[in-house]
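Here is a guided walk through a structure. Take the chains one at a time, then look at a few single residues.

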Amino acid sequence: MRRRVTIDPITRLEGHGKIDIFLDEQGQVERAYFQVPELRGFEKFAEGRPAEEMPQITSRICGVCPTAHHMASTKALDALYQVTPPPAARKIRELVYSTFMTEDHALHFYFLGGPDFVVGPTAPAAERNVLGVIARVGLEVGQRVIAMRRRLRELIALVGGKAVHPVLGLPGGVARRLTPQDQARFQEVAGEAVEFARFTLKLFQDVVLKNSDYVALIRDDAFTHRTYYMGLVDNRNRVNFYDGRIRVTSPEGRELTTFAAADYLDYVAEHVEPWSYVKFCYLKPVGWKGFVDGPDSGIYCVAPLARLNAADGMATPLAQEAYEEFYATLGGKPVHHTLANHWARVIELLYAAERMRELANDPEIIDPVVRTLPTATPRAGVGVVEAPRGTLFHHYETDERGVIQRANLIVATQNNAARIAMSVEKAAKGVLSGRELSEGLLNMVEMAFRAYDPCHACATHSLPGSMPLVLRLRDRQGNVLGLLRRDHDGRVHRT
Amino acid sequence: MADAPQTGKPKVAFYWCASCGGCEEAVVDLAEAILEVVGAVDIAFWPVALDFKRRDVEAMEDGSLAASFINGAVRTTEQAEMAQLLRQKSKLVIAFGACAHLGGIPGLANLWDRESIFRRVYLESPSTDNPDGVLPQVRYEDDGRPLTLPGFFDTVRTLDQVVPVDYYLPGCPPTPNIILQAVRALLRGELPARGSVLAPDQALCEECPRKDSKPERLGLVEFKRPHQVLVDEGTCLLAQGLLCLGPATRAGCGALCVKGNMPCSGCFGPTSRVRDYGGKALSALASIVASNAGEEIVRIFQQIPDPTGTLYRYSLPASLLRRRREVRAA
């Protein structure tokens, strides 16, 4: 008899999700579904709102990465009003963004993903969390993590008013300049952040890389997919979180394309499945071929591992060193192992902290000119940043008053949705098949999505309608005779 | 399945409905004080941080949780079920944050109906390629494997429109200081009357650092939008013609947005003396416009491009309006 196992809700991620696993009589996994059971509706209810409010409205897509939505939205407004921020404003934005990336990556490592490694993948559920991490690494380390994060978030609030849902972004600049006293605070904390990132990298090396079981797990085929990779790069093809061109590399590691944010519709498309509220992104030039990997499938990956794979290196020295060690250890580029995302995330943590330090030390950052007032009539604009969880697109069209007529958003986790669904299924097949199911083994299936640090608060910004229904009519042999479909408006179709 | 620790400390749950995770972040932003909280309570359910599942909650005795802190508006059948389940298991239910309290920004979806939202997202969005018109299904059978998704309500609701709520923590998100005060009051059994909002019952202007520069009579002749002007960092934002909602909004955040040199957008909602936040905000604005002439008043108010979305930014589902009704031709 076929068995079904449901993991609900999936835990240690942002937003809602559930996993349905179907096993056959022999206990082999037939199929596993990674489902996202929630949606909200931002693309529709953005219509009618003043464009300059979008950085604050869309930050409510996600309170974990509000700064990412805030920045992508603010950059879309620059494009919409055809205005270039003064140099200090651009640097303040990137400084705040680097501060945010540092704290957000630290949050994932210590609170969300890290417990699987530091406490252990099959440790009791009651211990497999940040409190368990603190118990293992010591209260002193725990307090260091908490204090570092608090100080980083205080800096975001210093410039952005609030740490959750900041308010600094305006078309053509930022709301508030940086004083020399502010700069001194950034300099002090940035120095500590670099040390903290180095400490975290060392912790990762000691806990994970020195444990042969974990290294084998990272390299395990059950956690490996050969897909395309996407990420923003600077003019030397190095990882950049705030600005640049979008580069896509193939499963063999070759460049497929680079493109500007404004051209995203030529490269990115979204596919709909009836069993999840999330849409699945794919590369338009390659096409949707289903949930399969390899060069013929348009499925791609974003976020830390993908960014490293899509770039030629890191723009700061310590992160570059770590980048080289990463590829030397895992057998060259590209790395296709999903769990390597955790290591890549810590390398990015180091880059974010180093970039924060560079910008904090830039004398121009306290220049009082932080706004260019827009004069052009707004029409349309696209803004892109690298959110912690991957490439984030905001696209707005307005009337001549700057009131939103149309909005389109492709968020980080949506880019990853197809690969996450494949990863969960492959992990379920690799880990569960033929074994006595336990809570610990099921957690190892959850580790497959957790590596991506998915955010379903983000991925479910859009909202579908009522309660449509599909019935497949079959004969005794299971052949489909017809399809009965009730649409969102209640109409029933038979095909 | 793992059991919650048996320590005799009060058990609490945190759960999210239609929300962004910002309320969870606000809890993590308790920083060092979070150690005080986890020392005093057992967190028996908190999906963002702990691995307990729904069936662990279902296995609890009714009323065995001292309190459930629920954030987010109620958008889906699953969220309504979880709110009911946690209500059953809890002595106290606290609506945590603007979405649970008033509907929040996801509540702006009540300006449309399901169908128009659906059409935009799955059929009309420029990046969506869906030639067969496939739509997510509440029940779907994939090669004999039954799959389900939660259903969607037509209207976004506040938490107290779904289950009885004992207390409210306002804000998008609530600030760590008001969270900590509430948790301490809860632990000491020093809570105010049921139904209270756990924040100061006065207008934000009272705690605004620019309070002294607010003129006795504002006498506005125009409203300006923040991107159109260079905003002075020291002067009352209303006095500069910016639509700051401080006079209509409850205090408690410490005027964070104003400190970021941007106007208050009203996330803490109204004080206890106000029934409808947007109505109160409109009345406050009407009283500070300089003109008494009808045409001139209309001209000034036309400078606000989106009155509904601005004045009901966080509170449409809790308002007297609740939603816009779509009227269709037969």
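Chain A holds 15 helices and 17 strands. Its radius of gyration is 23 Å, close to the 23 Å that the globule rule gives for 495 residues, so chain A is as compact as a globular protein of that length. Keep in mind that this is a predicted model. The C-alpha trace of chain A spans about 75 × 55 × 40 Å along its principal axes.

Now look at how chain A is packed. Of its 495 residues, 68% count as buried. Take the contacts in chain A with a separation of 6 or more: residues 24 or more positions apart account for 67% of them. The surface comes next. Chain A exposes about 15200 Å². Carbon and sulfur atoms supply 49% of that area. As for charge, chain A carries 60 positive and 59 negative side chains. The centres of these two sets lie 3 Å apart.

One residue of chain A deserves a stop. A:E386 sits in strand 12 of chain A, which covers residues 380–387. Is A:E386 buried or exposed? Its relative accessibility is 0%, and buried means under 20%, so A:E386 counts as buried. What lies 2.9 Å from a polar atom of its side chain? It is the backbone nitrogen of A:L232.

Move on to chain B. How many helices and strands does chain B have? There are eleven helices and nine strands. The radius of gyration of chain B is 22 Å, close to the 20 Å that the globule rule gives for 330 residues, so chain B is as compact as a globular protein of that length. Along the principal axes, its C-alpha trace spans about 70 × 60 × 30 Å.

Buried residues make up 62% of its 330 residues. Among contacts between residues at least 6 apart in sequence, 74% join residues at least 24 apart. The accessible surface of chain B comes to about 12800 Å². Of this, 51% belongs to carbon and sulfur atoms. Chain B has 36 positive and 39 negative side chains. Here the centres of the two sets lie 5 Å apart.

Start with B:A182. This residue lies in helix 7 of chain B, residues 176–188. With a relative accessibility of 8%, B:A182 counts as buried. Which residues does B:A182 touch, leaving aside neighbours within four places in sequence? They are B:L169 and B:L198. Compare the position of B:V163, which is 19 residues from B:A182 along the chain. The C-alpha atoms of B:A182 and B:V163 are separated by 20 Å.

Finish with B:T271. Where is B:T271 placed? Its place is in the loop between helix 8 (256–259) and helix 9 (277–286) of chain B. At 10% relative accessibility, B:T271 counts as buried. Beyond its neighbours within four places in sequence, B:T271 is in contact with B:D201, B:Q202, B:A203 and B:R250.

Notes. Residues are numbered from 1 along each chain as its sequence is written. Chains are lettered from A and ligands numbered from 1 in the order in which they are written. This is a predicted model: local features need pLDDT of at least 70, side-chain atom pairs count only at pLDDT 80 or more; totals for chains, interfaces and linings use all residues. Side-chain values use heavy atoms; hydrogens and water are left out. Helices (H or I, at least four residues) and strands (E, at least two) are DSSP runs, numbered from the N terminus. The radius of gyration is taken over C-alpha atoms; the globule rule is 2.2 Å times the number of residues to the power 0.38. Buried means under 20% relative accessible area, exposed over 50%, partly exposed in between (1.4 Å probe, protein chains only). Contact means heavy atoms within 4.5 Å. Accessible areas come from the Shrake-Rupley method with a 1.4 Å probe; for residues, only the protein chains shown count as cover. Lys and Arg count as positive and Asp and Glu as negative; His and the chain ends are not counted. The place of a charge is taken as NZ of Lys, CZ of Arg, CG of Asp or CD of Glu. A polar contact is a pair of N or O atoms within 3.5 Å; within protein, one must be able to donate a hydrogen and the other to accept it, and residues adjacent in sequence count only if both atoms are side-chain atoms.
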